[in-house]
Protein chains: 2
Amino acid sequence: MRYGGIEAGGTKFVVAISDEHQRIIKQIRIDTEAPAVTMPKVVEFFQDNPVSAIGIGCFGPIDIDPQSLNYGYITETPKVGWRNFNFLNVLKQALNVPMYWTTDVNVAAWGEYCLGAGKSSQHLFYSTVGTGIGGGMINNNQFYQARSHPETGHIPVRRYYEDNYKGSCAVHGDCLEGLAAGPAIEARAGVKAKKIASDDDLWQQEAYYLAQACMTYTLLYAPEKIVLGGGVSNQAQLFPLIRKSFEHQLKNYVDVPPLEQYIVHAELGDQAGIVGALLLAEKVYNG
Amino acid sequence: MRYGGIEAGGTKFVVAISDEHQRIIKQIRIDTEAPAVTMPKVVEFFQDNPVSAIGIGCFGPIDIDPQSLNYGYITETPKVGWRNFNFLNVLKQALNVPMYWTTDVNVAAWGEYCLGAGKSSQHLFYSTVGTGIGGGMINNNQFYQARSHPETGHIPVRRYYEDNYKGSCAVHGDCLEGLAAGPAIEARAGVKAKKIASDDDLWQQEAYYLAQACMTYTLLYAPEKIVLGGGVSNQAQLFPLIRKSFEHQLKNYVDVPPLEQYIVHAELGDQAGIVGALLLAEKVYNG
């Protein structure tokens, strides 16, 4: 038994196969170029390494409504060539196996849910904070989705009192992503995030924004745990600051678990997405 | 066949029975006093008017997790006597019929979903904007809930550029409820909301806050429709302003249905809650 996984990102694809014990046997990286260049390489990989099912996490927005005529498409992306691309169908035409189709952030959420920081939680909210901000909610073994999947990175936020940065979101300017994703941190600091001192005030400000977002996620999703992944999860000094600011902002309005267990960093690092995709292949194979 | 409904609010209970066609046969109002005064009146009503099942929508926060030791309790309310009150169990001891237990806002959401403004929607977000603000998400015939039910009225919001009002939320001050619920509108105006001219700038400001909240609900819940009930649903001039501000804030980041169909006012008025409770009685009876 072999499972396949695809983590389709805006700059690279990670493609892998695992055995029946979910050990990864082979994993490659393919640059994201035009679909006509990238997709045949993906297909070729699985022709050389046959699998029984494939889990796919794709950059978006994507259409995940099985009732929709555009189910399986990438929809509104600004990425040339990929807009309105029938991703799932191209794969299904070439590789006739069951496929699980969801967002890139959802596969990472699934990885953390099954094997990472969320592995004992029934109600997990996962957010990646890196070049962008995205999130996925897993509730009793299912991704939250309704008319579409969530886009949790672009919520409006109030500003930190001394923050005058205009924001880096190309659409909204100073939404959460525009004020708190990696590019915003680095634009203010003038250096890469990893070069910012761990006691710099910028981390206090970052913590304020992420805590505010965690408050909104708490009030709307009522998760059991919030896992933060992406580049931010490497900034260990942030987490105590986030928890403190969260407590200050929420003011105990709703009960939450002890904060050291409630707002935590991801554990699987860069592997969360591909691991989740492989686990979702197993899930779709088993029905 | 008779169904029973209870809409338990902080100032009054509405209690009713309906026939098998969901026509309301009898409906009474009971003031919310101490549990020892109010609950026996509820029990007496159903002893005089026997029913096969009861749907209950209760003010909260309440415990709705069937696995919890406190399932069926009102938990953190500041209302004297009702804090940590075992509401559901008191009723079950007295009236041995199946009961559906959820929040007051959820029963109103259910009423609008089945018979009101949301009746053709599979993914409905309902919010009441009155003395307070609360919301419920119905997704494919089920209320969204995870570790607990949502508390959508207390999300942080950015301020309208010329609004200096401190906010009326006793806990957070200037959260959404603190800036946009009825008491905040009336505190700024110095008169009752119904006496504020329909072209007053205050409505523009109110629309900004509600549109901002609708943006957050859209990004996290991805509903098919947003229904706004409570006192605000009587302010017809607000809805075009909300839609315009919503468009301005969201900037087409995600696809939504045409706004005239997407953000709409509730249709059942004060009856939404009790109608929803009666329909939930039928739902629990039919398993």
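Guide: With a definition: two strands count as paired if DSSP finds at least two bridges between them. Keep in mind that this is a predicted model.

Visitor: In which sense do strand 1 and strand 2 of chain B pair, and over how many bridges?

Guide: Strands of a sheet pair through backbone hydrogen bonds, either parallel or antiparallel. Here strand 1 (residues 3-8) and strand 2 (residues 12-18) of chain B are antiparallel, with six bridges. As an example, B:Glu7 has B:Val14, in strand 2 of chain B, as its bridge partner.

Visitor: In what order do the five strands of the open sheet in chain B lie?

Guide: The order is 3-2-1-4-5, and the pairing in this open sheet of chain B is mixed. Strand 3 (24-31) and strand 5 (99-103) of chain B are the edges; each has a single partner strand, so one side of each lacks a neighbour in the sheet. On average, neighbouring strands of this sheet are turned by 15 degrees against each other, direction ignored.

Visitor: Which strands does helix 1 of chain B touch?

Guide: Helix 1 (residues 35-48) of chain B packs on the sheet and touches strand 1, strand 2, strand 3 and strand 4 (53-58) of chain B. The direction of helix 1 makes about 10 degrees with that of strand 2 of chain B. Helix 2 (residues 87-94) of chain B also packs on the sheet, touching strand 1, strand 2, strand 4 and strand 5 of chain B. The direction of helix 2 makes about 160 degrees with that of strand 5 of chain B.

Visitor: Is B:Asn49 buried or exposed?

Guide: A residue is called buried under 20% relative accessible area. B:Asn49 has 11%, so B:Asn49 is buried. B:Asn49 lies in the loop between helix 1 and strand 4 of chain B. The side chain of B:Asn49 reaches the backbone oxygen of B:Phe45 at 2.8 Å. Leaving aside residues up to four places away in sequence, B:Asn49 touches B:Ile17 and B:Lys26.

Visitor: How many residues does each chain give to the contact between chain B and chain A?

Guide: Chain B gives 40 residues and chain A gives 40 residues. Between them the two chains bury about 3,600 Å², with 58% of it on carbon and sulfur atoms. B:Arg147, B:Leu220 and B:Tyr253 supply 23% of the area that chain B buries against chain A, more than any other three residues.

Visitor: How many salt bridges cross the interface of chain B and chain A?

Guide: There are two salt bridges across this interface. A:Arg158 forms a salt bridge with B:Asp174, and their closest N and O atoms are 3.0 Å apart.

Methods. Residues are numbered from 1 along each chain as its sequence is written. Chains are lettered from A and ligands numbered from 1 in the order in which they are written. This is a predicted model: local features need pLDDT of at least 70, side-chain atom pairs count only at pLDDT 80 or more; totals for chains, interfaces and linings use all residues. Side-chain values use heavy atoms; hydrogens and water are left out. Helices (H or I, at least four residues) and strands (E, at least two) are DSSP runs, numbered from the N terminus. Axes are lines fitted to C-alpha atoms, for helices over the stretch in contact, and angles run from 0 to 180 degrees between N-to-C directions. Contact means heavy atoms within 4.5 Å. Buried means under 20% relative accessible area, exposed over 50%, partly exposed in between (1.4 Å probe, protein chains only). A polar contact is a pair of N or O atoms within 3.5 Å; within protein, one must be able to donate a hydrogen and the other to accept it, and residues adjacent in sequence count only if both atoms are side-chain atoms. Buried area is the accessible area (1.4 Å probe) that two parts lose on being put together, summed over both. A salt bridge is a side-chain nitrogen of Lys or Arg within 4 Å of a carboxyl oxygen of Asp or Glu.
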